[in-house]
Amino acid sequence: MLGAPGSGKGTQATILAEALGIPSISTGEMLREAVATGTELGQTVESIMATGKLVDDETMAAVVEERLATADAAEGFILDGYPRTLGQADTLAGILERRGWSLDSVVYIEVPEAELVARALARKRADDKEEVIRQRLEVYRQQTQPLIDHYRAAALLRDIDGHQTIEGVAKSIVDALGEAG
Ligand code: AMP
């Protein structure tokens, strides 16, 4: 699930996971949980998350590899918030290859930038202060947007108009995945 902060990808990942009966794996959620419970990982990432910057690729590789090794991921999964850099996309490709798995589709939820800012400001979370929101959008532009071309070139990208109701976006995703076979 690919999209800017505020694109609704988390919401859509949850809806789709429910519909398909597979887990939605949100790296942001996993990291927030680690911070909340005060694990070593949580202590490492807390200050990075608070600024809206990205946790380093190596740390994220360990988090994702461990999560994908758990039993409930064996029948399929939706990744929400990973990969976020080209390096992470390479890492993911390696993890999947070692397991004999592959990505079926990359769902890209596109939302106009002005709406992204408005939506992000409306959400209330510790890491959603206005300055942090801007930083997160900047990080997205610089580090995550290149993934759109990367996955388009691999013919995996499914473009979804995110400027619709939640139900409308969910239907568009199901339709796009159906067409993708
Ligand atoms: P999210 O809820 O997906 O927006 O993630 C919240 C925060 O967790 C991000 O702003 C990053 O600091 C960190 N994070 C989540 N996923 C990743 C990732 N794949 N790579 C690096 N940092 C991440």
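For the classes used here, Ala, Val, Leu, Ile, Met, Phe, Trp, Tyr, Cys and Pro count as nonpolar, Asp, Glu, Lys and Arg as charged, and the others, Gly among them, as polar. By these classes, the shell around the ligand has six nonpolar, four polar and four charged residues.

The model is predicted: local features need pLDDT of at least 70, side-chain atom pairs count only at pLDDT 80 or more, and totals for chains, interfaces and linings use all residues. Residues are numbered from 1 along each chain as its sequence is written, and side-chain values use heavy atoms, with hydrogens and water left out.

**Ligand site**

Thr27, Lys53, Gly81, Arg84 and Gln88 come nearest of the 14 residues around the ligand; a residue is near a molecule if one of its heavy atoms lies within 4 Å of it. Helix H2 (residues 27-37) gives the most to this shell, with four residues; helices (H or I, at least four residues) and strands (E, at least two) are DSSP runs, numbered from the N terminus.

| Residue and atom | Ligand atom | Distance |
|---|---|---|
| Lys53, backbone N or O | oxygen | 2.6 Å |
| Val55, polar backbone atom | nitrogen | 3.1 Å |
| Arg136, side-chain N or O | oxygen | 3.1 Å |

On its own the ligand has 480 Å² of accessible area, of which the protein covers 96% (Shrake-Rupley method, 1.4 Å probe).

**Aromatic pair**

The structure holds one aromatic pair, in which Phe77 and Trp101 are tilted, at 5.7 Å centre to centre and 55 degrees between the planes. Rings of Phe, Tyr and Trp (its six-membered ring) pair if their centres lie within 6.5 Å; planes under 30 degrees apart count as stacked, over 60 as edge-to-face and the rest as tilted. Phe77 lies in the loop between helix H4 (57-68) and strand E3 (78-80) and Trp101 in the loop between helix H5 (86-99) and strand E4 (106-110), so the pair ties together parts that are 24 residues apart in sequence.

**Backbone features**

The peptide bond from Tyr82 to Pro83 is cis, with omega near -5 degrees, and Pro83 lies in the loop between E3 and H5. Ala155, although not a glycine, has a positive phi of about 60 degrees.

Terms used. A polar contact is a pair of N or O atoms within 3.5 Å; within protein, one must be able to donate a hydrogen and the other to accept it, and residues adjacent in sequence count only if both atoms are side-chain atoms.
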